Amino acid sequence: MRTIAIKQFGGPEVLEAMELPKPLVGNDEILIRLHAAGVNPVDFKIRQGLLATRLPHAFPLILGWDGAGEIEAMGAKVTGFSLGDAVYTYGRKATIQAGTYAQYITLQQEHLALKPKNLSFVEAAVVPLAALTAYQALFESLQIRSGETLLIPGGAGGVGSYALQLAVNSGARVFSTASPAKQKTLLDWGAEAVWDYHDKNYLEAMHQAVPGGFDAVFDTVGGDTQIALSKLLKPQGRLTSILTLQDKVQENTEIQTGYVFVRPDSEQLKKIATLIEEKKLRLPPVTTLPLSEAAEAHRLLEAGEVHGKLALEIPTL
Ligand SMILES: NC(=O)c1ccc[n+]([C@@H]2O[C@H](COP(=O)([O-])OP(=O)(O)OC[C@H]3O[C@@H](n4cnc5c(N)ncnc54)[C@H](OP(=O)(O)O)[C@@H]3O)[C@@H](O)[C@H]2O)c1
């Protein structure tokens with residue numbers, strides 16, 4: 001099968017078109033013929049070797065954790081799916097090796113759900129990782145409640161886009177940051193206010209908006225931004241990050257902190273599909289490139305030049 005894979009860590013140039021064997025299906029596995037792969041920042045972090053101390057890797061390594069396609073075969077122990085089902089997946093496995101930048105992938109059923117009926121395969125492929133991350137951060141870690149004030153920096157990013165809408169749906173009062181051209185969409189999705197993080201006074205403006213302090217922060221940016229936003233919380237406010245928790249934030253006994261590393265969850269993918277079908281969760285803009293241009297996709301994402309999400313279209317045989 002056709003894949004885009006790496007034989008070593010490095011820059012976008014290590015991404016190579018490789019013919020690799022089509023995977024065999026285990027008893028508890030599902031073989032998906034992929035039509036599209038979603039591209040996420042974690043893909044270029046894996047390519048750079050940044051997860052090498054955290055999870056086992058094996059080469060040649062097919063990148064990609066997000067995808068959408070059709071079920072072509074199933075092991076005898078699989079229940080709840082049928083041949084030909086259109087599915088979408090967050091396909092992170094214990095070892096990083098067989099990803100979604102490929103014509104086929106085998107996965108266990110916890111990794112997938114039926115794709116939202118109103119989305120194309122390309123659109124469905126950019127949902128799972130980012131939307132599951134938002135879901136787990138908001139409802140498992142922060143346990144956000146109706147009426148609470150919530151700050152989400154990077155509301156136009158992949159994770160931020162879904163988080164902002166999920167939080168608005170749950171009744172939270174959501175405040176966000178984004179580059180000027182992207183702010184209107186976030187207001188249309190129900191954000192109460194959106195600030196430009198390039199403006200040197202934006203932190204003061206946020207403080208003025210909720211002077212008593214925010215109930216919660218969902219940090220999708222990390223670093224100094226995480227430290228600055230932690231200071232805008234009310235006493236005993238909650239901060240959950242999907243980036244490394246900074247020492248200054250963890251040491252602050254005035255607030256509660258959490259970290260989320262997104263895990264596959266079929267039930268949550270089903271809930272997300274329903275929200276999309278009911279038009280309660282909308283997609284950010286989606287840019288599509290052919291699988292063969294995966295290196296260009298990585299360059300664009302690393303340079304921060306993608307508005308919304310990026311997908312790779314996978315050729316049929
Ligand atoms: N732990 C986990 O499980 C997990 C899961 C998913 C993602 N992540 C990580 O979370 C981060 C975000 O992921 P993503 O998929 O949402 O990335 P993304 O789609 O590339 O979006 C990043 C967003 O960050 C915004 N941004 C950049 N610098 C900023 C700053 N100083 N202040 C405020 N916003 C800023 C950008 O805003 P503008 O476009 O408006 O300029 C952009 O929209 C990545 O590092 C990713 O690896 C972790």
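**From one residue to the chain**

Lys 270 sits in helix H9 (residues 266–277); helices (H or I, at least four residues) and strands (E, at least two) are DSSP runs, numbered from the N terminus. The model is predicted: local features need pLDDT of at least 70 and side-chain atom pairs count only at pLDDT 80 or more, while totals for chains, interfaces and linings use all residues. Residues are numbered from 1 along each chain as its sequence is written.

Because Lys 270 has 14 C-beta neighbours inside 10 Å, Lys 270 counts as partly exposed. A residue is buried if 20 or more other C-beta atoms lie within 10 Å of its own, exposed if 12 or fewer, and partly exposed in between, with C-beta atoms placed from the backbone. Tyr 88 is 182 residues away from Lys 270 along the chain, yet the C-alpha atoms of the two are separated by 9.8 Å.

Two packed helices are described by the angle between their axes and the distance between the axes. The axes of H9 and H3 come within 10 Å and cross at roughly 100°; axes are lines fitted to C-alpha atoms, for helices over the stretch in contact, and angles run from 0 to 180 degrees between N-to-C directions. H3 and H9 are therefore roughly perpendicular to each other (under 35 degrees is roughly parallel, over 145 roughly antiparallel, 65 to 115 roughly perpendicular, the rest oblique). On the H3 side the contact (C-beta atoms, placed from the backbone, within 7 Å) involves Pro 128, Ala 131, Leu 132 and Tyr 135, and on the H9 side Gln 268, Leu 269 and Ile 272. These residues divide into 6 nonpolar, 1 polar and no charged; Ala, Val, Leu, Ile, Met, Phe, Trp, Tyr, Cys and Pro count as nonpolar, Asp, Glu, Lys and Arg as charged, and the others, Gly among them, as polar.

H3 (residues 128–141) also meets H4 (residues 158–169), where the axes come within 8 Å and cross at roughly 50°. That angle makes H3 oblique to H4. Among the residues in this contact are Ala 131 and Tyr 135 of H3, and Tyr 162 and Leu 166 of H4. By class, the contact of H3 with H4 has 11 nonpolar, 2 polar and no charged residues.

The chain as a whole holds 10 helices and 17 strands. Its C-alpha trace spans about 60 × 40 × 35 Å along the principal axes. Of the 317 residues, 47% are buried. Among contacts with a separation of 6 or more, 66% join residues 24 or more positions apart.

Methods:
Two residues are in contact if their C-beta atoms, placed from the backbone, lie within 7 Å.
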